[in-house]
Amino acid sequence: MFTDTTAFTKVLLKATAKITIAGFLIGFLHQYDWVVAIILLAKIVGEVYKRVYKNKNFLFLTGILLTCIAGLIGEHWGVSNGYWKYHDVPRDLPLWLPFAWMLAFSFLYKLELRSIPLLKKQSLTNKIILTLIYVIVFPAFGEIITIKTGVWTYYWPYQIFGVPLYAILCLVFVHMMVNLVLVWANKKYQWKDVVFTINKN
């Protein structure tokens, strides 16, 4: 499926290391949500500067904003209905949450950007399969770390290491819907982004 399995393995290992570090960072500092918020804000400002200000990648900007909005709507709905709860913060939703959702899009975007060129056949089917695997595995892995370090608790059933099936489905829905919007925008404005370009073959 990949032209260079060694390069692909390195991409996966680097992504796994990043999500592990991020998970433990949030976990160990979650009581100081303003500290986590500043760290994540600095990271997203750096990403926006590099990809939007310098490279004029407006799909990236649209993606982080849409993901943030959709994510916060879902967070408010879930917490208000008692489906999950954040711990050790004086508010229902921690201050760092918007930036975490933005960085979730950034993480998956960069992962796909590095992986798609390694596909032997960059067809729509292969891209969808790759995206689905990433959206299911990496966010859930990051959530396992933050749940085990006491950041929040889910109260939905059918859990795997604290992450319920419903939560995984919600994450897949949010990210895939945002991706569909960006595929449409990429085609409409002919931006030719590697991640969101649909090949006919």
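Against which elements do the buried residues of α3 pack? In this predicted model, the buried residues of α3 pack against α2 (33-54), β1 (84-86), α4 and α6 (165-189).

**Helix α3 and its ends**

- Helix α3 covers residues 58-80, a run of 23 residues, and its span of 33 Å from the first C-alpha to the last is close to the 33 Å expected at 1.5 Å a residue.
- The buried residues of α3 include the glycines Gly-63, Gly-71 and Gly-78, and among the others are Leu-59, Phe-60, Ile-64, Thr-67, Cys-68, Glu-75 and Val-79.
- After α3 comes Gly-82, which has a positive phi, near 75°.

**Aromatic pairs within helices**

- Phe-105 and Tyr-109 are four residues apart in helix α4 (residues 97-115), so about one helical turn separates them.
- Phe-105 is buried, with a relative accessible area of 3%, and Tyr-109 also counts as buried, at 3% relative accessibility.
- Tyr-134 and Phe-138 form an edge-to-face pair, with 5.8 Å from centre to centre and 65° between the planes, an angle over the 60 degrees required for that class.
- Both Tyr-134 and Phe-138 belong to helix α5 (residues 124-148), where they lie four residues apart, about one turn of the helix.
- Tyr-134 is buried at a relative accessible area of 2%, while Phe-138 counts as buried at 7% relative accessibility.

**Aromatic cluster**

- Ring pairs also link a cluster that contains the tryptophans Trp-77, Trp-84, Trp-96, Trp-152 and Trp-156 together with the tyrosines Tyr-83, Tyr-86, Tyr-154, Tyr-158 and Tyr-166.
- One of the cluster members, Trp-77, falls within the residue range 58-80 of helix α3.

**Lysines over tyrosine rings**

- Lys-56 lies over the face of Tyr-53, at 5.5 Å from the ring centre.
- The charged end of Lys-188 sits over the ring of Tyr-189, at 5.7 Å from its centre.

Methods: Residues are numbered from 1 along each chain as its sequence is written. This is a predicted model: local features need pLDDT of at least 70, side-chain atom pairs count only at pLDDT 80 or more; totals for chains, interfaces and linings use all residues. Side-chain values use heavy atoms; hydrogens and water are left out. Helices (H or I, at least four residues) and strands (E, at least two) are DSSP runs, numbered from the N terminus. Buried means under 20% relative accessible area, exposed over 50%, partly exposed in between (1.4 Å probe, protein chains only). Rings of Phe, Tyr and Trp (its six-membered ring) pair if their centres lie within 6.5 Å; planes under 30 degrees apart count as stacked, over 60 as edge-to-face and the rest as tilted. A charge sits over a ring if NZ of Lys or CZ of Arg is within 6 Å of the ring centre and within 35 degrees of the ring normal. The expected span of a helix is 1.5 Å times one less than its number of residues. Contact means heavy atoms within 4.5 Å.
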